[in-house]
Amino acid sequence: TTLDDQSTLAATARQVSEDDERLALLAGNLVSRSGYDTASELDDLVIGFIVLDTTMGAEATAGQREFIVRAREALDGNAAFTPIGNTSNGLLWRYTDVATTEPDRGPSNTGTAWGLTVLLVQSAVLVGAVLLSLPTVRRRRRVAPVGVTTGDPATTFDEDDDD
């Protein structure tokens, strides 16, 4: 496929998913003072950090600049966030009340039947690899008698007789 055959419009989603709407609603309520319960949404989405992109070009309008100032003041005024500082991507805040429970991380979670099966298979493969790496037969050492040579000594360093 060449670049001429590809289309960004065809490759991107045309409808907003329910998760995207949920995240947009949360972002809008974080940057404005409202009565929305952002803590439960942040915990459900397992969000621990907020980055506010403050990079604006020379063509930024006064409304865009006001929005950045208002969003920054709203995040600074929220007791659930601790300001970290500037990063290369914008201003960073840490959500201090993040839930301490770990989310289900898929097959590596040994609390599920599938996770336990994966752990057992990985353990069996590891034990098998260790067993295959151990020698099974004791090797005999060949001891050569001292002073006895088999064959003529090498003449590598002898002088050449080119007469």
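This report covers the sheet, the salt bridges and a nonpolar surface patch of a predicted model.

## Sheet

Three strands make up an open sheet, ordered E1-E3-E2, with antiparallel pairing. Strand E1 (49-52) and strand E2 (81-87) are the edge strands; each has a single partner strand, so one side of each has no neighbour in the sheet. From one strand to the next, the twist averages 25°.

E2 and strand E3 (residues 90-95) run antiparallel and are joined by 6 bridges. In this pairing, asparagine 86 is opposite leucine 91 of E3.

## Salt bridges

The structure contains 2 salt bridges. One is formed by the side chains of glutamate 41 and arginine 22, at 2.7 Å from N to O. Arginine 22 belongs to helix H2 (residues 18-30) and glutamate 41 to helix H3 (residues 38-44), so this pair ties together parts 19 residues apart in sequence.

Arginine 22 also meets aspartate 44 in a salt bridge, at 3.4 Å from N to O. Aspartate 44 is in helix H3 and arginine 22 in helix H2, so the pair ties together parts 22 residues apart in sequence.

- Glutamate 41 is buried, at 14%.
- Arginine 22 is partly exposed, at 28%.
- Aspartate 44 is exposed, at 52%.

## Nonpolar surface patch

Leu126, Val127, Val130, Leu131 and Leu134 form a nonpolar patch on the surface, and together they have about 480 Å² of accessible area. Among them, valine 130 lies in helix H5 (residues 113-133). Valine 130 is partly exposed, with a relative accessible area of 44%.

Note on methods:
Residues numbered from 1 in each chain as written. Predicted model: local features only at pLDDT ≥ 70, side-chain atom pairs only at ≥ 80, totals over all residues. Heavy atoms only, no water. Pairing = 2+ DSSP bridges. Helix = DSSP H or I, 4+ residues; strand = E, 2+ residues; numbered from the N terminus. Axes fitted to C-alpha atoms, helices over the stretch in contact; angles between N-to-C directions. Patch = residues over 30% accessible without salt bridge, like charges linked within 9 Å, V, L, I, M, F, W, Y side chains within 5 Å. Areas by Shrake-Rupley, 256 points an atom, 1.4 Å probe, with all protein chains shown as cover. Salt bridge = Lys/Arg side-chain N within 4 Å of Asp/Glu carboxyl O. Buried < 20%, exposed > 50% of the residue type's maximum accessible area, 1.4 Å probe, protein only.
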